[in-house]
Amino acid sequence: MAGEGSAARLFLARRSASAGHGGFWELPGGKLETGESPEAALIREIGEELGVGLDLRGPASSYEAEIGGRGFLFLVFPARFESQAFILTAHDAWGYFSAVECATLQLAPLDGPALRDWAGRPNVTVTEAR
């Protein structure tokens, strides 16, 4: 959910205060249900969290992280929303951010490695909340 080219911007949503990691910015998505493919899970989660459809544009990049002693595999797919008419259910704000702007946001713990890779710039530091 990023733009293309040198002015690329990435879509992030801020978790509602009442949600886990409330106030943190994240790449929206969620967990796989039993028997579900990662692609189907992302399309379902985006529908549930943002109320819009999603067009996947390629294979996922994967990132591993450990938080609180638990291992996580984080998959990030290039995608485009079918609409910008978002209906926020787990979030209270959204926006498109440059790599430099991402460095100023309080990010959800799993998102930091993916965003640092996306930024791909040695002079940009993207950090996640702990």
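**Notes on the predicted model**

1. The protein chain has an average pLDDT of 83, and 87% of its residues score at least 70; pLDDT is the predictor's confidence in each residue, from 0 to 100. Over residues 2-6 the pLDDT falls below 50, and this stretch has ten contacts in the model beyond near neighbours in sequence; a contact means heavy atoms within 4.5 Å. Residues 121-130 also stay under 50, with 27 contacts beyond four places in sequence.

2. This is a predicted model, in which local features need pLDDT of at least 70 and side-chain atom pairs count only at pLDDT 80 or more, while totals for chains, interfaces and linings use all residues. Residues are numbered from 1 along each chain as its sequence is written, and side-chain values use heavy atoms, with hydrogens and water left out.

3. Confidence is highest in helix 1, at a mean of 95, and lowest in helix 3 (residues 111-119), at 78. Helices (H or I, at least four residues) and strands (E, at least two) are DSSP runs, numbered from the N terminus.

4. Helix 1 comprises 13 residues and spans 18 Å from its first C-alpha to its last, close to the 18 Å expected at 1.5 Å a residue; the expected span is 1.5 Å times one less than the number of residues. After helix 1 comes G51, with a positive phi near 70°.

5. Which residues of helix 1 are buried? They are A41, L42, R44, E45, I46, E49 and L50, where buried means under 20% relative accessible area, exposed over 50%, and partly exposed in between (1.4 Å probe, protein chains only). Their cover includes strand 1, strand 2, strand 3 (54-56), strand 6 (79-81) and strand 7.

6. R44 lies in helix 1 (residues 38-50) and counts as buried because its relative accessibility is 18%. Leaving aside residues up to four places away in sequence, R44 touches K31, L32, E33 and E36.

7. An open sheet of three strands has the order 2-1-7, with antiparallel pairing; two strands pair if DSSP finds at least two bridges between them. Strand 2 (25-26) and strand 7 (91-97) are the edge strands, each pairing on one side only. Strand 1 (residues 10-15) is joined to strand 7 by six bridges, and L10 stands opposite F97 in strand 7.

8. Strand 4 (residues 61-67) pairs with strand 5 (residues 70-76) in the antiparallel sense, over seven bridges. E64 has L73 of strand 5 as its bridge partner. Two residues lie between the strands of this hairpin, in which G68 takes a positive phi near 60°.
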